[in-house]
Amino acid sequence: MKTILECKNLTASYDGVNVIEGLSFKINEGDYLCILGENGSGKSTLIKCLLGIKPADKGEIVMGDGLKPTDIGYLPQHTDLQKGFPATVGEVVISGCLGRRGLRPFYSSKEKKTAREAMERLGIADLAERSCRDLSGGQQQRMFLARAMCAAKKLLLLDEPVTGLDPQASAEMYDLIDELNHKDKMTVIMVSHDVVKSLDSASRILCLCSCSHSFFGTPKEYANSHLGSKLLGEKK
Amino acid sequence: MSENIRLMFTPEFFAAILLPALIGGIAVTICSSLLGVTLVLKRYSMIGDGLSHIGYGALSVAAVMNLAPLKVALPVVVIAAFILLRLSENSRLSGDSAIALFSTTALSIGILVSSKAGLTNDVSHYMFGSILAMSTGDVVLSVILSVIVILTFILLYNRIFSVTFDESFARATGVNAGAYNMIFAVLTAVTVVLGMMMMGALLISSLIVIPTLTAMRVCRSFRGVVLTSGAVSVASFLIGMFAALVLNTAPGASIVIVNVIFFICFTLAGRALRRTGRS
């Protein structure tokens, strides 16, 4: 198994307060990592560090062989679609291809094809000409996932992809993510609040905790750990 | 009225006054409407307004100190645009209150300085605009600027879309969003200063905001909004100018009113479209 991403002794702060301290973990190609943790435990900060939007204060993030920041597909947390922003689904999805365009100004037919395939894959091809302000929550998240797929060659970073979706739409979203992980061998890193679902699908769990040491390991180890049994106990 | 029209079509008037006004005006309206799409959608609508007041302050100070107005106002407004964009991005003072703070301060300084020095003529030009008094230099500058803005828009169109639509995603895909915000700050500042001489400090923000709002009533796509707002803006300018000459009204205000009429028509059309779309 090849390591795709390694986080070494990472420390990151927000407004002068350390939210992540001395975090280390390593994920392999094809892994499905779920990041759990309460609000304010630094999940979104970690994602921003992994994406390179936010510099780390200490430690480093090492990308595996051949992984470039532009190979990462990102689905932001609860993307506040501005009320009434005029953009069609097609325009939004293809903007995912932008990272690999470099400085060339226009999309080629190859990128148009990538965008079309991503939309077909997620069942939103018929919405391509629709304005994104007329979409339901589930359709919107699919649009953002399609955009992330356009950007992703190897790694998908999903920040709470089912927030605000009804159970049906959430389940569909999870199925799509599982399929991308299994069939396409896409490495997935997902921030989630859904412990049961995470233990079910993920191959690795990272639990960030502000009160004690973070946990990193397999779902089984997590369920047996002190942190995990506490959380799972609460769920039951 | 017929006297006005006859006067308008004398070759002398046309070549000396109307033609420069038309060329400069079309250039500035295209710039302001294109930049306006991003500013409105990024919720920076008031930046144009704030910058124009800052520009007014700078021009007044320049007039009193006997300096070339443009050479003072342009750098001041560019710096102000940087600061305002920065403030709206990462400070606790939210963007709109920052703009209010800056613009009223600059406006007050401008008024204090010019009233103390007893200068009212030049300065009132900048308050209400004087499109029929655009100098050759102003026109040349407007045309160069509009070429730059249009080229920027065409070449960076996809990036502009991405930064406007979702800045954090754009950053994550490796687009240098900060650089684009700076480019925008500079272009907006230059457009505002030029537009101010034409439309006046009080009305320039309408040129930035209204065409985009108008286009958004009807268009579904970003591309549609960009193209429509440019077209609406130029059409409003031409109709407003013509009306002002024929009816002998203030050009700046007439152009704004035509823009508003377009806005109302597009709003009604948008409603009708949606109703037929639903049924």
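**Close-up views of a predicted two-chain model**

**View 1. Strands β1 and β4 of chain A.** Five bridges link strand β1 (residues 3-14) of chain A with β4(A), and the two run antiparallel. The model shown here, as in every view below, is predicted. Two bridge partners can be picked out by name. K8(A) has E60(A) of β4(A) as its bridge partner.

**View 2. Strands β1 and β2 of chain A, with their hairpin.** Eight bridges join β1(A) to β2(A), and the pairing is antiparallel. T3(A) has N28(A) of β2(A) as its bridge partner. The hairpin of these strands has two residues between them. D15(A), in this hairpin, takes a positive phi near 55°.

View 3. The three strands form an open sheet in the order β2-β1-β4 (chain A), with antiparallel pairing. The edge strands are β2 (17-28) and β4 (58-63) of chain A. Each of these edge strands pairs on one side only. From one strand to the next, the twist averages 15°. Helix α1 (residues 43-51) of chain A lies across β1, β2 and β4 of chain A. This helix runs at about 125° to β1(A).

**View 4. Two domains of chain A.** The domain assignment divides chain A into domain 1 (1-67 + 154-236) and domain 2 (83-152). Their C-alpha centres lie 25 Å apart. Eleven residues from domain 1 of chain A and seven residues from domain 2 of chain A make the contact. On the domain 1 side, β6 (155-159) and α5 (167-182) of chain A are the elements that give two or more residues. The most come from α5(A), with four residues. By class, this side of domain 1 of chain A has eight nonpolar, one polar and two charged residues.

**View 5. Where chain A meets chain B.** Here 23 residues of chain A are in contact with 23 residues of chain B. The chain A side of this contact divides into 14 nonpolar, eight polar and one charged.

**View 6. The largest nonpolar core.** This core has 157 residues. Those with the most contacts inside it are I35(A), V93(A), A146(A), L157(A), V188(A) and V77(B). Helix α10 (residues 177-199) of chain B gives the most to the core, with 14 residues. Domain 1 (1-67 + 154-236) and domain 2 (83-152) of chain A each supply at least three residues.

**View 7. The surroundings of V77(B).** Neighbours within four places in sequence are left aside here.

**View 8. Two loop asparagines of chain B.** N66(B) lies in the loop between α3 (45-64) and α4 (69-90) of chain B. Its phi is near 65°, a positive value in a residue other than glycine. N66(B) counts as exposed because 6 other C-beta atoms lie within 10 Å, and the limit for exposed is 12 or fewer. N248(B) is found in the loop between α12 (222-247) and α13 (251-278) of chain B. Phi of N248(B) is near 60°, again positive in a residue other than glycine. N248(B) is exposed too, with 10 other C-beta atoms within 10 Å.

Methods:
Residues numbered from 1 in each chain as written. Chains lettered and ligands numbered in written order. Predicted model: local features only at pLDDT ≥ 70, side-chain atom pairs only at ≥ 80, totals over all residues. Contact = placed C-beta atoms within 7 Å. Nonpolar A, V, L, I, M, F, W, Y, C, P; charged D, E, K, R; others polar. Core = buried A, V, L, I, M, F, W, Y, C linked by C-beta atoms within 7 Å. Buried ≥ 20, exposed ≤ 12 C-beta atoms within 10 Å, placed from the backbone. Domains from an automatic or database assignment. Pairing = 2+ DSSP bridges. Axes fitted to C-alpha atoms, helices over the stretch in contact; angles between N-to-C directions.
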